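Please look through the model shown here before reading on. The paragraphs after it are meant to be read with the coordinates open.

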Amino acid sequence: KSPCSTDVTALNINFIELVIISISLSMDAVAISICKGLSIKNLNKKSILIISGYFSAFQALMPIVGYILGATFEKYIVSIDHWVAFLLLLIIGINMLRNISNNNLNDNIDFLSMLPLALATSIDALAVGVTLAFLDSNIFISSLVIGIVTFILTFAGAIIGNKFGNKYEKLSQILGGIILIMLSFKILIEHLNLL
C-alpha cells in the first residue's frame, strides 16, 4: 500500500503508543491510590483490589463513553471536564487535611468514597475516547489496555503509599491532602493553558 494511504490501519495508534497513553492517563489515579494507601493502616489484598478496581474500571469505561459521544458533544465535554475534576479533587484534598486535625482519617473505600475519586481521575480518559473515535481505533482493545495498565500501577501505588504511611502516619496524611490539592490545580492549569 502507498505510504500516503488513509485507511483505518494507517490511522490506528500502535500498541506502544497506547501503553504510553495508558500510563499518562493513570498517573492521577496512581497519585490518589498512594494517598489511599497512606490513609489505611491495615491494608489487605481485598482493599488494594477494591482501590485498583475502581480506578481501572473507570479508566477503561470512560474512553468508551467518550468514543460513543464522539464529536457531537465534544465541545461540551471539553468545556467542563477540567472544572469537574478540579472541584472534586480540591474538595477531597481539603477534607483530608481537615480530618487530620479531627483525628478522623478517611480510610473508607466504599462506593461513595471511591466514586468521586475514580470519576475525577478518569475524565481525561473520556476526552481520549473522543480522540480515539476520530482515529478509528478499536475502542474495546484500547480501553482494555488502559484499564489493565491503570490496575497494575494503582495496585503498586496503594502498597507503596501504605508502607510509607505506616511509618509516618500524620505526615503522610498531610502529604496526601497536599497531593490531591496540587493535582486539582495541575488539571485546571493544564486545561486552561496557563503554562
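What follows moves from the overall architecture and its confidence to particular helices and residues.

This is a predicted model, in which local features are reported only at a pLDDT of at least 70 and side-chain atom pairs only at pLDDT 80 or more, while totals for chains, interfaces and linings use all residues. Residues are numbered from 1 along each chain as its sequence is written, and side-chain values use heavy atoms, with hydrogens and water left out.

The protein chain holds seven helices and zero strands, where helices (H or I, at least four residues) and strands (E, at least two) are DSSP runs numbered from the N terminus. Read from the N terminus, the order of elements is therefore α-α-α-α-α-α-α. Of the 195 residues in the protein chain, 43% are buried; here buried means under 20% relative accessible area, exposed over 50%, and partly exposed in between, with a 1.4 Å probe and protein chains only. The chain exposes about 10,500 Å², of which carbon and sulfur atoms supply 70%, the areas coming from the Shrake-Rupley method with a 1.4 Å probe and, for residues, with only the protein chains shown counted as cover. Among contacts with a separation of 6 or more, 92% join residues 24 or more positions apart, a contact being heavy atoms within 4.5 Å.

Confidence is expressed as pLDDT, the predictor's own value for each residue from 0 to 100. The protein chain averages 80, and 80% of the residues score at least 70. By element, confidence is lowest in helix H1 (residues 8-11), at a mean of 35, and highest in H3, at 94. Over residues 1-11 the pLDDT stays under 50, and for that stretch the model has six contacts beyond four places in sequence. Where pLDDT is low, the predicted coordinates should not be read in detail.

Helix H3 can be followed from one end to the other. The C-alpha atom of Lys41 is separated by 7.1 Å from that of Asn162, although the two residues are 121 residues apart along the chain. Asn44 caps the N-terminal end of H3, with a side-chain oxygen 3.2 Å from the backbone nitrogen of Lys46. The 25 residues of H3 should span 36 Å at 1.5 Å a residue, and the end C-alpha atoms are 36 Å apart, which agrees; the expected span is 1.5 Å times one less than the number of residues. Just after H3, Gly70 takes a positive phi of about 55°.

Ser143 lies in helix H6 (residues 139-167) and is buried, with a relative accessible area of 2%. Apart from neighbours within four places in sequence, Ser143 is in contact with Ala60, Pro63 and Ile64. The C-alpha atoms of Phe111 and Tyr54 are separated by 8.9 Å, the two residues being 57 residues apart along the chain. Also in helix H5 (residues 111-134) is Ser113, which is buried at 16% relative accessibility. The side chains of Ser113 and Asp110 are joined by a polar contact of 2.7 Å, that is, a pair of N or O atoms within 3.5 Å in which, within protein, one must be able to donate a hydrogen and the other to accept it, residues adjacent in sequence counting only if both atoms are side-chain atoms.

Aromatic rings form a further theme. Rings of Phe, Tyr and Trp (its six-membered ring) pair if their centres lie within 6.5 Å, planes under 30 degrees apart counting as stacked, over 60 as edge-to-face and the rest as tilted. By this rule the count comes to three aromatic pairs. One of them is Trp83 with Phe86, edge-to-face at 6.2 Å centre to centre and 85° between the planes; being three residues apart in helix H4 (residues 74-101), these two are separated by about one helical turn. Trp83 is partly exposed at 40%, whereas Phe86 is buried at 8%. The rings of Phe86 and Phe185 have centres 5.1 Å apart and planes at 75°, so this pair is edge-to-face. Phe86 lies in helix H4 and Phe185 in helix H7 (residues 169-191), so the pair ties together parts 99 residues apart in sequence. Ring pairs thus link Trp83, Phe86 and Phe185 into a cluster.
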